[in-house]
Amino acid sequence: MTEASADELKISGIIHVGKPGSGLFKATAALVGWKNTVSGLPDNTLSLSGGDIVSAEWQRACGKGRCLLKLCFAGGDGSVSRFAGFKEQELSAVKAHLQKHFKVALAEPNVATEGWCWGDILPYQEEAATSNSPDLRVMINGKLGFDVPVCELHQVSTPSKTDLNLEFKQDPAALSSGNEILTEMRLFIPGVDSASCAENLREELLKRSGLTKVEEALLSVPQVSIVAPRGKYDVQFLPKALRIHGKTMTHTVRYDAIVRLFLLDISATLPSGMTTAIAVGLSPPMRQGKTDHYWLVLGFDESTMSVDSLSDAIIQRINIAREDHKVSSLMGKALAVFSGKTVVGTSSDFKNLHPQKHACLTVTYKAQPGLLFFCKMSFILALKPVIYHKWQDVDKVIFNAGAMRGRSFDLIILLKGGQQLEFLQIDKIAFEATRATLEKLGVAMEGTEKVANADNRVEARQARATRRKDDPPSPPEAARATRSGAAKAAGKPGGASRGAAVAKPKDDEYDEEEDEDFPSEDGGDDDDDGSSSSEGEEENDDVPAKKRPKRK
């Protein structure tokens, strides 16, 4: 429904691209706005100054006879607002209102309908930025194929020499509403000089969007160790984003994508020289190829750096003195100021209770070594992988000690959602500090007594093993054979027969002893039914052959 008057224009059923739901588009003599009217969705309201509009386009690109209105506003970041769902007959009313009140002509570019997946990138003229949109435009046969607003870019990277990857900002409200939203696009740039073309286009888009301008770096920290993606990078603080420059890859992280900051003390646990780590949580994650990095772990030693090259404005903004500072301290303060997030430290109670004054537990998680830190509101596992959960999401913590172990124990953390995290092979010396810290944090625990009594069980098992070792040895085989022969000679069944056996030479005594322990199958002597010669058989023809007992 359209309502138009001398100074006001209202059109319902309009979608603000990037926001959930549909609503009312309204334009007055001074403002342009939009409001969501769908119940159950966030109450999104947009209000923009009509005097900041520098250009406007009417694109017939929404299907089913619907059109899109694109408004470009003044500003270094080239902010753009797009409204979709207009009918063709509403063109005249919108065009007249923009021309009358804002002195802006409504352009009507031809939109390509060939359906091709390739085209030409339209060059950007910086001197015409006041009248033209700084967006990335792909033309097909001289007509507009599509355009990408640079103000919506979150990150631009080159995964390979011929590929350009574009990542867009994500509105959490729009994602939760179930709408389909463009989050990533990859462009393939063929040709002989495709590598240089892709890199040049990347730098141009970053410059247009204001994400990175090397000459405008407010603070630069060289050679920072990062666990993942692993390597040493130069970290540059720009007005709107963090630029991470390496030998082969360069990443750009917007400050609004930083959601968590942790300062971790690893001085007493790692022999690599690192003393401090800063864990940076990202949402949306930083993309490297097909890998999403939701956490960046920066490692630092005790080195310092000078801040003499920084401007007075940056010194005052970070609130530091003009003297040498530890790199870890300077980086933590800068990240907190530029991102607006608080740097969270680990629990000092655990460190005070630990016999060796360690700030964390050295654990094994899925066959990978890690460091488990306890905070007041959460716990975090570093360095790789990084696992973070709040204590309010934890159901209980189970202590476990194996039957054959007395110097280590395991921690099993059960989350309320059913997930189970197993941290294994923890030194028993940290048991009491762990139990006391979790008890103070109000976390439910099980199996503490079992771990506490594990030493007693191990000591009892070792004592039993020692007693068995000190017992006198069993009598030798010859003594057992003598007692067996004496018993048989005393009248036991078969004793007379065995007692009358013919003694063998001394060199066969070992065989005789074995024969006493393992008698022959017929139960008689070797002389009774042994290897009789043919002459013996002739002499005893009248004597019936002795029957052999059946084998059982």
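Leu-330 is buried, with a relative accessible area of 1%. Leu-330 sits in helix H5, which covers residues 327-339. The model is predicted.

**Leu-330 and its surroundings**
- Leu-330 counts as buried because its relative accessible area of 1% falls under the 20% cut-off.
- Beyond its neighbours within four places in sequence, Leu-330 contacts Leu-219, Met-305, Val-307, Ile-320 and His-325.
- Ile-320 is 10 residues from Leu-330 in sequence. Their C-alpha atoms are 8.4 Å apart.

**Helix H5**
- H5 has 13 residues. From first C-alpha to last it reaches 18 Å, close to the 18 Å expected at 1.5 Å a residue.
- Its buried residues are Val-327, Ser-328, Leu-330, Met-331, Gly-332, Ala-334, Leu-335, Phe-338 and Ser-339.
- An α-helix has 3.6 residues a turn, so residues three or four places apart point the same way.

**The nonpolar cores**
- The largest nonpolar core has 34 residues. Those with the most contacts inside it are Leu-219, Phe-237, Val-253, Ile-258, Val-280, Met-331 and Leu-335.
- Several elements each supply at least two residues of this core, including strand E16 (219-226), strand E17 (231-237), strand E21 (276-288) and helix H4 (312-318).
- Another core lies apart from it and has 27 residues, among them Trp-391, Leu-411, Ile-413 and Leu-438.
- Phe-237 touches Ala-217, Leu-218, Leu-219, Leu-242, Tyr-255, Met-331, Ala-334, Leu-335 and Phe-338, leaving out residues up to four places away in sequence.

**His-251**
- His-251 belongs to strand E19, residues 250-254.
- His-251 is buried, with a relative accessible area of 0%.
- Leaving aside neighbours within four places in sequence, its contacts are Gln-155, Pro-229, Tyr-233, Leu-242, Arg-243, Ile-244, Met-286, Arg-287 and Gln-288.

**Salt bridges**
- Side chains of opposite charge can pair when their charged atoms come close.
- Lys-95 lies in helix H1 (residues 91-101) and Glu-108 in the loop between strands E9 (106-107) and E10 (120-121), so the pair ties together parts 13 residues apart in sequence.
- Lys-95 is partly exposed at 37% relative accessible area, and Glu-108 is partly exposed at 33%.
- Arg-60, Glu-88, Lys-95 and Glu-108 are linked in a network of salt bridges.
- Asp-163 and Arg-186 meet in a salt bridge through their side chains, at 3.8 Å from N to O. This pair links distant parts of the chain, with Asp-163 in strand E14 (residues 163-168) and Arg-186 in strand E15 (residues 184-188), 23 residues apart.
- Asp-163 is buried, with a relative accessible area of 15%, whereas Arg-186 is partly exposed at 43%.
- Arg-322 forms a salt bridge with Asp-312, and their closest N and O atoms are 2.7 Å apart. Asp-312 is in helix H4 and Arg-322 is in the loop between H4 and strand E24 (325-326), so the pair ties together parts 10 residues apart in sequence.
- Arg-322 counts as partly exposed at 38% relative accessibility, while Asp-312 counts as exposed at 53%.

Key. Residues numbered from 1 in each chain as written. Predicted model: local features only at pLDDT ≥ 70, side-chain atom pairs only at ≥ 80, totals over all residues. Heavy atoms only, no water. Helix = DSSP H or I, 4+ residues; strand = E, 2+ residues; numbered from the N terminus. Buried < 20%, exposed > 50% of the residue type's maximum accessible area, 1.4 Å probe, protein only. Contact = heavy atoms within 4.5 Å. Core = buried A, V, L, I, M, F, W, Y, C linked by side-chain atoms within 4.5 Å. Expected span 1.5 Å × (residues − 1). Salt bridge = Lys/Arg side-chain N within 4 Å of Asp/Glu carboxyl O.
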